[in-house]
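Visitor: Please take one part of this model and look at it closely. I would like the salt bridges, and then the helix packing beside one of them.

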Amino acid sequence: MKRILSLITLSFFFLNCYSQSKSPLRGDLKLWYDKPADKVWEAALPIGNGRIAAMVYGNPASELIKLNEATIWSGGPNRNDNPKALAALPEIRKLIFAGEYAKASDLAAPNLESRINGMNYQLLGNLKIAFPGHEAYSSYYRDLDLDRAVAKTSYIVNGVTYTREIFASLTDQVIALRITASKPGQLNFSVGMESNQKVELGTRNGNQLILNGISGDKDGVKGAVKFNSIVQVNTEGGKINATDNALQIAGANSANLLISIATNFNNYKDLTGDENRRAVDYLARVGSKSYDILKKNHIAAYQKLFHRVSLDLGTSAAAKEPTDVRIANFAKGGDPALASLYFQFGRYLLISSSQPGGQPANLQGIWNDKMNPPWGSKYTININTEMNYWPAESTNLTEMHEPLVKMVQELSETGRETAKVMYGSNGWVTHHNTDLWRITGHVDGVYSGMWPMGGAWLSRHLWDKYLYSGDKKYLASVYENIKGSAEFYSDFLTEEPTHKWLVVAPSNSPENAPAIAKGKSIQAGTTMDNQILFELFSNVIRASEILGKDKKFAERLKDLRKRLPPMQIGQHSQLQEWMIDLDNPGDKHRHVSHLFGVFPAGEISPYRTPELFDAARTSLLYRGDVSTGWSMGWKVNLWARFLDGNHAYKLLTDQLSPATNRSESGGTYPNLFDAHPPFQIDGNFGCTAGIAEMLVQSYDGDIHLLPALPDVWLNGSVSGLRARGGFEIVNLSWNNGKVIKVEIKSTLGGKCRLRVSSPLKGKLRLAQGENTNPFYQVNKTPKPLISDKAKLNPTGVKRTLLYDFDTKPGQTVIFTM
């Protein structure tokens, strides 16, 4: 009897293991709910095609769909340079070097700040669909299917099942909504629009609702973006009655709504487009295509991108619960599929908010319900915009990077005037914020705005994109932009008096200030600035060598690079944030700017720079875990680089908890949007990149498989992640925390070096010497200065194996345990 019970117990054990590790079907990649969003924007579901977007509430009786178009911003073409900066610059620097931070800040304010602090990304308006008699409903369900990029709502009223399905077409540039009823003649509803913009609303052709308007004013800049929106209704059966400002549908079997939106925006300096003609043309190009054809084309285009990567961390009974319930319960454990869903949601958001030829994802991606959103929903380029694009290359969405690349190229145009007028320098510069009009001057007050490093950080995205693709033609197309950023600093750097280092001044460590400065952030030679410039100069030097040009300038950058301040380990065993040892171990600031050298850069490594590795880790421990959502996203990546999967997962757990209204508490809203709070999309993208970084890293001279795998992900698989040098992880499977199979495709050929925790079988050899693959060259980090009071610890890094194997272009190789 005991033997029988043992066999039964063992059988249940294996059945449970199977259910935990069984790969979730693509159809399981849904956000779903058993109640409507009602009036809560953060519960509505986002759809978008990179140009137009909507938030869908799923309300039965009064459907609300908030509409956005990526170029509807307040104001118009403008500049925000302050010409008084150049004359004041020497005295500001003198005061900083003398430790007179308050005086330096006071002098900088009138001479660097601008009256124009960036324009607002704005809501177009609301599409409102009223269904009389649908207040009492049952069997409610709504979802967002990440596998198809389609949102759905269904419910029952008086025995009739009503269904709505909506998507933002990637191929046909309209939003398509289909409404059906399970019984004929049961559709009775009205369609209207409203907007807080200056608009005119009317009807046309008996089945079209037309909204014309112009964007708002800000900071003395008149709104100049004209927009036109057309909602066209076609029904099967029933009648459509057009009033002055609404459409009434009665007795229909089904209805298709096509929403076309266009503006007069051509580029940041040209608003001569015809918004009315464009909106009409979008509809005309749809022509007689049926809803099913529109949906089929859209899904095919979307899945070509989305299906490149799959992630299986196992599933469980928790996956059967509504998404908001899963968020509330995630910290209890037992729902690995929610982490997979969250990862893929980030990829969905990037596809939906950033498409070639369009605008980059802003602070809220492409979704916004306000005329004056938090921080203007602009491009905050001291971390947030860059974080939006951290997953672009690693999660196989390189095309989505193109709008950011284009914006950097445009900033390199507008930023030349700023460099010349404000700082008397060549090259180009931008500060901590920009907008649709590609402003490059100082935005906001000195405390946050006096940071002339935005262009330098953005430039690394242009270089990083090359490292993944190896496309020399692309590199040649962006080389002058990267070089132009380095040109600015080659002129702007100034010698500090103590060590004779060359430093950026004035500047700050983004949005933070040392206690000694009594609330004044203005500084010189901050650690982040030095790290950014070390990488920028190194990237331009290497690009110069690859393209065989500007050898003289590259040599100048080598000389300048030698004179940058080295990283320093301070009295608290921490990586110093400032040039002077001013850090406070109790500082819990959301920005961890001095850890830029850990991630996204790779200047600090457990294998190459163990002292800096430990000091940087100590700094992150001092900062703590609790913070804003985007900061938690950054920390997931940092703990992954520290090879601590459990701590990275702890941050992921903190982030995947219900958002509250507490300041800087992070968390996640019911629709999986990241909470600062309020909503900022960067945290979503940061966590998606962080999960990829926990599974594969390629910054440190090799491809490290499962570098930061948490204990809760002992079994799983991932496919489609990309590594630098043109390598793609076609499949990576692991069991009990060890790689059991890896399949790698090489698009460029060349040597591939793998780092793993356990032996692999196949045609590979133990690695020796430096990796000769040019995409895996690692810049030698200067030796740090270490305080006599510092007490450093061993890295604690576990033993790994390094393997080399040679590849040919297009070749796929497989290794097993």
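## Salt bridges and a helix pair

Guide: K222 is exposed, with a relative accessibility of 58% (exposed means over 50% relative accessible area, buried under 20%, and partly exposed in between, with a 1.4 Å probe and protein chains only). This is a predicted model, in which local features need pLDDT of at least 70 and side-chain atom pairs count only at pLDDT 80 or more, while totals for chains, interfaces and linings use all residues. Residues are numbered from 1 along each chain as its sequence is written, and side-chain values use heavy atoms, with hydrogens and water left out.

The partner of K222 is D217, and their side chains form a salt bridge at 3.2 Å from N to O (a side-chain nitrogen of Lys or Arg within 4 Å of a carboxyl oxygen of Asp or Glu). D217 is partly exposed at 39%. Across the whole structure, the search finds 42 salt bridges.

Another pair is E165 and R148, whose closest N and O atoms are 3.7 Å apart. E165 belongs to strand β8 (residues 160-168) and R148 to the loop between β6 (138-145) and β7 (150-157), so this pair ties together parts 17 residues apart in sequence. Helices (H or I, at least four residues) and strands (E, at least two) are DSSP runs, numbered from the N terminus. E165 is buried, at 14% relative accessible area, whereas R148 is partly exposed at 25%.

In the bridge between R641 and E693, the closest N and O atoms are 2.7 Å apart. R641 sits in helix α17 (residues 629-641) and E693 in helix α19, 52 residues away, and the pair links distant parts of the chain. Both residues, R641 and E693, are buried. Elsewhere, shared partners join the salt bridges of D145, R148, E165 and K295 into one network.

Helix α19 (residues 682-695) also packs against helix α18 (residues 645-655): their axes come within 11 Å and cross at roughly 160°. Axes are lines fitted to C-alpha atoms, for helices over the stretch in contact, and angles run from 0 to 180 degrees between N-to-C directions. The helices α18 and α19 are therefore roughly antiparallel (over 145 degrees; under 35 is roughly parallel, 65 to 115 roughly perpendicular and the rest oblique).

On the α18 side, G645, A648, Y649, L652 and Q655 meet C687, I691 and M694 of α19 (contact means heavy atoms within 4.5 Å). By class, this contact of α18 with α19 has six nonpolar, two polar and no charged residues. Ala, Val, Leu, Ile, Met, Phe, Trp, Tyr, Cys and Pro count as nonpolar, Asp, Glu, Lys and Arg as charged, and the others, Gly among them, as polar.
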